[in-house]
Every structure is written in C-alpha cells, then in structure tokens.
Amino acid sequence: MHLVFDYDVAIVGAGNVGAAIARELARFELKVALIEAGRDVGAGTSKANTAILHTAYDAKSGTLEARLVARGYALLTAYANEVGIPLERTGALLVAWDDIELERLPAIAERAGQNGYDRVRSVGVDELYAKEPRLGPGARGALEIPDEHIVCPFTPVLAFATQAVLAGVDLRREERVTRVQRVEEGWRLETSLGALAARWVVNAAGLHSDEVNRLAGHDEFTVTPRRGELIVFDKLSRPLVDHVILPVPTETTKGVLVAPTVFGNIVLGPTAVDVERKDDTSSTAEGLAYLRAQGKRIVPQLLTHEVTAVYVGLRAATESPDYQLWIDAGEQYVCAGGIRSTGLTSAMAIGEYVRDGLDAAGLALRERPEGLPAVRMPSLGEAQLRPFADPARIKADSEYGRVVCFCERVTRGEIRDAARSPVPPVDLDGLRRRTRVLMGRCQGFFCGVEVSRLLAQESGQHVGELWERST
Amino acid sequence: MGAVHLTTEQVDVAVVGGGPSGLAAATALCKADVGKVVVLEREAEPGGIPRHAKHQGFGLRDLRRALSGPRYAARWAEIATGAGADLRTETQATGWTDAGALELTSPRGRSLLEARAVVLATGCRERPRAARLVPGARPQGVLTTGALQQLVYLAREFPGRRAVVVGAEHVSFSALLTLSHGGARTVAMVTEHPRHQTLAAFRAGAAFHFRAPLFTRTMLTGIRGSQRVEEVELTHLDTGQVRRVACDLVVFTADWVPDHELAVLAGAVLDPGTRGPTVDAALRTTRPGLFAAGNLLHGAETADVAALSGRSVAESVIRYFEGEPWPTSRVPIECEAPLHWIAPNAIVALGPPSHPRFRLRAREILGSRQVEVSQDGRTLWRGRVKRLMPGRSARLPGGWTAAVDSDGGPVVVHVVV
C-alpha cells in the first residue's frame, strides 16, 4: 500500500516541549501537525510548575538536560523580550539552614562551574539578611545565583503555539493518539477522531511519553508521575521576598522553595511524592501541612497571609536522571519525553536539537522566505504595563477600561482578545492561563459568572457548559 | 509608566464601594452638604452583594421595611443618587499614588481622584476552598455562596443536584435557599461547631422545608471526583469517624475575609482578629483622612447593619471636616482566645465623648459568659455577655472607654474562666 502522507511531521503533545518543536519546524516548508489529547496547549504537566527560569547551575553535569537548559535559558530570555513573555530578573539565593547544608555549598558552586555557569557567589549571613530581612532565623550562609529568574509559566507555550499556528502548523486539540503504526517511509496514527499519516513522529507527550513510546514499539523508560503541590499566597505578601529562595537540594529532591511570581504573588512548594495515576492531581492534607511547616521556617510572616490558590502538578519523572531525548533516523521517530520542570526553560533548545536532528537524518528543511510571523503576547506580568493601567490603550478602546476580574484587574478587552486569538481558550481554565481571570484571591466569588458569560458569548457556548468544563 | 500624565479630579469625599455601607455613607454625607461626594463602584450595577441574594428580609433595620436583595440594592442606589451622590459604576480604584490620590480605571479612562476624605466600604468575601486549604481533587462543582447565587440568579444556571453546604451561619442558610431555588437538594450541612449559628427560626425552617441534615462538630476533610465532584469526606472532630457523602456540588459559605487590599496599600494597620483595618469608635483608620465602614471592618454582618455603619462613618467624616483633629496615638483592643475579634478595635484619647457599643465574636459557641476588659492588669469592665459565638456578633457595652489610659498598654478583652 502506498500512503499519501498528510504531514511531514506529527508532533504528539502540545505542552512546552511539543509546542516549541512545532514552532521551530514552522520556519521550514513542512506540513506539521501538533496533536494534543487535552483541551488546550500546555494543559498537562506544563501548567503547574514553579515558573523558574533555570540557569542549569544544579543540573547533573554532562547530561543533555544540563546542556539544553543552559542553551534554552539564552533562547527563552531573548524570546521573552521579543514576544512579551513576563519575566522578572530576581536572582536566587540558595540558603543553608544548618552546618551540614553549609558544608555542601562549595560542591554546589563547583557543579555550577562544571555546567559552564560561573556567576555563583558565596553570601555570608549578614549580607543574606540584608538582602532578605524577612527570612526566618537560623540561616547559616547562602549562595547567590544571580541569573536564576522567574518567568510566566503559561505564556511561553501559548506563544510557541500561536506562532506555529500562524505559520501554518495544524493544531489539533482534544484528539488522543491511540495507535502508532510503522508503515513504509513513515507512520500511520490512529486517533480518537480518525487517522492520519506522517513521515516523522515526534513524541512530546509529557506524562504520557512512555505510553506513546510504547505505541511506537519502544520500551526504554517508564514515567512515574511525581506530584508537586504548590501554595500560592495573596499578592499582599509579595513585598516579603525579592529573590527566589532555594533550599539546599538533597539526593532525592530539590526541596521546597519560596519565590515571587510574575503575577505578584508568592509561591511555596513543591512537594515531591511519586504517585500511581497520571490524573491524580489531588492535594493532600500531609503535603499542605508539610509546605506550611517549611514556609514557616523560611519566611515566617508568609503564613500570616491569605492563601489564594493551591496548584498540583505532576512531573514526568522517569528512572533516568536525564531527558529521554533521541532521534531515530531509521524509524523516523523522535522521542522527547521524560522532561520534568526544567522543560519550561529548555523547550526552545529542545526545538533546536530536534530540528538539527531531523536535518542530520535527511529531512529536507527549506526555510520559508517570510520567516516566522511576529507575535506579541498579552502583558500579564506585574512588571509590564497592563491594559487596565494604560491610559492610551483605554482611550483607543474603552473595553480595556472595563475591569471584569477585580482581583487580577483583567478587562473585557483582554477576555475578548483571548477568545479571538489564533489559539483561543475552550474553557475557563484556558482563559485563566491567557488572561489571569479567576486566578486571584476571590477565586470567582465576585466575577466567576460574569467571566463565564463573556467567554460563553465569545465562544458560542452556554454558561452552564463552561461551568461544566471548568476545572 | 509614570511618564504618562493622568487627569486629576478633586472632590470632597470619595467612597470606595457602592454596596449598602458605601451608599448609606454617601447618602448621609450628601444630606449634610459636605460638598462633592463620589461613589466608586467596580461592578456595572450598584448595590453590592444583596443584588444576587434574591430572598426576602433585607432592609429591616435601615430602611424599616422588608425587601428582596435586588430590590434593596436598587433602593439604596436610588436613595444615594437622589441625595446627590455621584455614583460611578464600572469604576475600580486600583491603588494610590504616592501623594495619596486614588488611581481609577473605568471605560472613560485611567485617572486620578483626590479627596479630602476617603471612605473605604469595600466589603468582604467568603474564603474560597483554596484559602481554607481543603485537600483533595479539584473537580468542577466547588464554589462559594457568592458564586452560587450569581450563577443561579444572574445566569439562571443550576449547577448541581446534590449539594453539601460547609458552614451553618446566616449566609449558609441563604445558600440553602438558593440551592432550593436552583433545584438542588442539600444532602448535608456541615459545621465544626456543636450547633448552628443562625436564628433558630432559619434553622427550623431549613430543617422543615429542605430536610437538610446538619452535621455538627464535623469538618469537610476531602473532596473526590475526576470531572465533577463525586463525594466528600466528612470527619467528626470528637470521634474521628469518617463519613463519605455522595454529592455533585460543594458550597463553601461564610468564613469571611474583608476585602482589605486598598486599606493595606494605603498603609492602614490591620487588626489581627478582624483582618480589616483597625478603627476607633469614629471608624478612623491609622491613616489620616481614611475612614472605613461596613463589612470591610470585619466578617459579614447583615446588609442593614452595614448600612447603619455607613451612616455612622458619615457623621465622623462631617466632624473631621468641621476640624476635629485626627488622633495621633491609639490604644489597640485585643481579644484573647476563645474570643475572635472586637470592633471597633482601638481607643483614642481625643474624639467624641461617645459611648460606643462594641461587636464581639468568639471562635467557638460559648453562649453567655462573664467577660472582662482590662488594661495593664487593671479591670475596666466586667459583666455578662450573651450569645458569644462565631458568625453572629454579641454586644459589649462601651461605658468603660473613658477609663482607658491613652499612654498605657493594649486593652485586653477575655472570657473569665
């Protein structure tokens, strides 16, 4: 049987990694499908992370992860500036709370050096408390990692997907790949909505990357979902810290951090517990109590503030310390799985890596003369000028002066723009990641219904339907 | 950002919040001819929370009649506008400039508002599930009374069939009514306390009409469900017995927290008990020219009580305009557990020779108890206070305030064991 290929490349999974690969391939004259089982891009393991832009100072030396995080850092920083992804240059302080931790600091600094990051600096107790006066008592010393910053956890994947879609990538949401069959010169994929054929398959299925890998006839790794619970504190707590406050990592975990967010909150977390089910995003009484105990020690005043939200993310942990990233030229198969929280930083570098791998494997990459279309993402960050505070914007369009979500100051104009964007939200959770609605302290007490009504109106759904689909 | 020049408007009083307390304050200020009074309401419709509490019973103590929530809200808007208040809807005060002007956003633009006095009447909200740190899954069907009432009354959506209501205060019974209007059955009402904290008549009515079983000394300790809520886990606080109740809706009621953001951004000191700005009997915050009223002062009272607080703050603003000096020092009033909060919660040396009445709440149902008010070990007042409980305020008489030493330590209120 001779197949007509619908696509040159079918990417399975539209999280940070899949969307970044799609964007990179969109530069070339290729037919690319970005297939996502969930309702939205970035709605799986990508959506709940601590939102740190990593320098790779602490990555395992010599790994692909160390290399790609370092490269991804440079790429994402430049890209954030280009398309308007919220990013704040906070720097991080890695704090030792006892003698054992203090003794481990030099080794951490040394590893940073091995990873090519040489700006780690030792900070004495006095300087530490001068920098962060609200730290709890008993800190013994710290390392400063001046380039470890905070970034918006939601906008990068949306920017990648938006640019990819505008460049012609076929984004297929709510379509689950159920069968991956090798055929002559390519692959046939069966999905929940039908079938398609592609010359290359890229597995970027995150938590499910082991399953897709097996569907493709491989069995190199197993994903054990690792639950991470995060507590987000009220914006009024934001003045408590200026830096990302990191713990000294242990053999088993990176530990609990306290960090500002680009939305002006403070986040405390994550926990790290292996769980069995890939849909088990439950929080636990033990996890929340543990985080509160850690928070109380790190920044005692934090606990006096209201909690705005609890998020639970599942990291795609595998038995290997490194990414499951390889390109099989013979099979025309790319595996980009088992990527944990560093994927936010490394995604664009993974895109480059896959591009180069495909090129080396003989896929013809002819650049489109027009290049990637320019995009500008919404200003969601507290450090950016948001529409509600922008007199020129409101003057040009009064919808930017109609605040709907009062806690987060999101306007009707922004909800409308999101609903009409190239990758529109299909539910309230998607609207939340695009605009910040319902992310604030009232969690919908005041505006939940009005926000639903506006999205319903724009997307031709009923309020009840949206309410049913919200998470 | 600072480079853009914004228009600045000057008024006499800016009232932030167009609910019962803000509208009542504006009405009284206009009637007293204090000058230009502007009410800033962020919603498209004025009236505040009563707008979506469609049952009867609003307006008893302030308007001397019984109205439905929406009619009550509309009535107050008419009264305030009729008195001459400039009521601006879709206008949110988002912060303050360094010089003390309010930063406003509305469809008319971004602007600044300078006022000789500002009354914060921003109300309160129910703590949502996350703020209560209730663990478990995060399925659809978990909301607050506020969201429930908007859904049922404003959007006419019926979000579930079998509801569990967390809380047993006035508002919890209001949620029960809304659920009934929305066609849902309340399969459990849960409170950590040994009994409900509303009027006996409400409870009896609820038991009779809705057959809602009340689980006392019980906590909601988990939520399960993948897409929708499927069941909740209830734990008895004394026996540790765990019970699972199938439901598709969980309504978190009460557990109020004042919407204190503007007060904090203004530098006003918060009371650790109420989480609202500390105020003296004249409802003055710690920032000169900044007053606070209504449910911003403490977790919710009924709308009519909030409106009366609005009238009261107007009198203080008028005296301020007449030259009454702003107090420079104040003595805080602190509550000892099991008392939760007292309001007002500061005593000033200067000020009206009034005998304020205090509202007092307990963390537990205590009933009638001997309460002592003291300062630096010296008893200022001692007497019996009735109906001490969460969710409803007890009254503490205020004749003792004149005996407070304005140079002394904090005044302490405690239950005599």
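**Close-up 1. Glu9(B), a partly exposed residue in a strand of chain B.** At 29% relative accessibility, Glu9(B) counts as partly exposed, where buried means under 20% relative accessible area, exposed over 50%, and partly exposed in between (1.4 Å probe, protein chains only). Glu9(B) sits in strand S1 (residues 8-16) of chain B; helices (H or I, at least four residues) and strands (E, at least two) are DSSP runs, numbered from the N terminus. Setting aside neighbours within four places in sequence, Glu9(B) is in contact with Lys36(B), Arg88(B), Leu112(B), Leu113(B) and Glu114(B), contact meaning heavy atoms within 4.5 Å. Look for Ala115(B) as well: 106 residues separate Glu9(B) and Ala115(B) in sequence, while their C-alpha atoms are 8.5 Å apart in space.

A word on how to read these views: this is a predicted model, in which local features need pLDDT of at least 70 and side-chain atom pairs count only at pLDDT 80 or more, while totals for chains, interfaces and linings use all residues. Residues are numbered from 1 along each chain as its sequence is written, chains are lettered from A and ligands numbered from 1 in the order in which they are written, and side-chain values use heavy atoms, with hydrogens and water left out.

**Close-up 2. Helices H1 and H8 of chain A, packed together.** Helix H1 (residues 16-25) and helix H8 (residues 343-360) of chain A pack at an angle of about 45°, with their axes 8 Å apart. Axes here are lines fitted to C-alpha atoms, for helices over the stretch in contact, and angles run from 0 to 180 degrees between N-to-C directions. H1(A) and H8(A) are therefore oblique to each other; angles under 35 degrees count as roughly parallel, over 145 as roughly antiparallel, 65 to 115 as roughly perpendicular and the rest as oblique. Their crossing is right-handed, a crossing being left-handed if the near helix is turned anticlockwise from the far one by less than a right angle, and right-handed if clockwise. On the H1(A) side, the residues that meet H8(A) include Asn16(A), Val17(A), Ala20(A) and Ile21(A). Their partners in H8(A) include Gly343(A), Leu344(A), Ala347(A) and Met348(A). The contact of H1(A) with H8(A) divides into ten nonpolar, three polar and four charged residues. For these classes, Ala, Val, Leu, Ile, Met, Phe, Trp, Tyr, Cys and Pro count as nonpolar, Asp, Glu, Lys and Arg as charged, and the others, Gly among them, as polar.

**Close-up 3. Helix H5 of chain A and the helices around it.** How many of the twelve residues of H5(A) are buried? Ten of them are, which leaves H5(A) mostly covered; among the buried ones are Pro156(A), Val157(A), Leu158(A) and Phe160(A). The buried residues of H5(A) pack against H1, helix H2 (64-83), H8 and H11 of chain A. H5(A) (residues 155-166) reaches 16 Å from its first C-alpha to its last, close to the 16 Å expected at 1.5 Å a residue; the expected span is 1.5 Å times one less than the number of residues. Gly168(A), with a positive phi near 110°, follows H5(A).

**Close-up 4. Helices H10 and H12 of chain A.** Six of the eight residues of helix H10 (residues 412-419) of chain A are buried, including Gly413(A), Glu414(A) and Ile415(A). What covers these buried residues includes strand S21 (403-405), strand S22 (410-411), helix H11 (428-435) and H12 of chain A. The axes of H10(A) and H12(A) come within 10 Å and cross at roughly 40°. H10(A) and H12(A) are therefore oblique to each other, and H10(A) passes H12(A) in a right-handed crossing. Arg412(A), Ile415(A), Arg416(A) and Ala419(A) of H10(A) make the contact with Val451(A), Leu454(A), Leu455(A) and Glu458(A) of H12(A). By class, this contact has five nonpolar, no polar and three charged residues. After H12(A) comes Gly460(A), whose phi is positive, near 70°.

**Close-up 5. Loops with backbone details to look for.** In chain A, the peptide bond from Gly269(A) to Pro270(A) is cis, with omega near 0°; Pro270(A) is in the loop between strand S16 (266-269) and strand S17 (273-274). Glu185(A) has a positive phi of about 65° although it is not a glycine, and at 47% relative accessibility it counts as partly exposed. In chain B, Leu133(B) has a positive phi near 55°. Is Leu133(B) buried or exposed? Leu133(B) is buried, with a relative accessible area of 16%.
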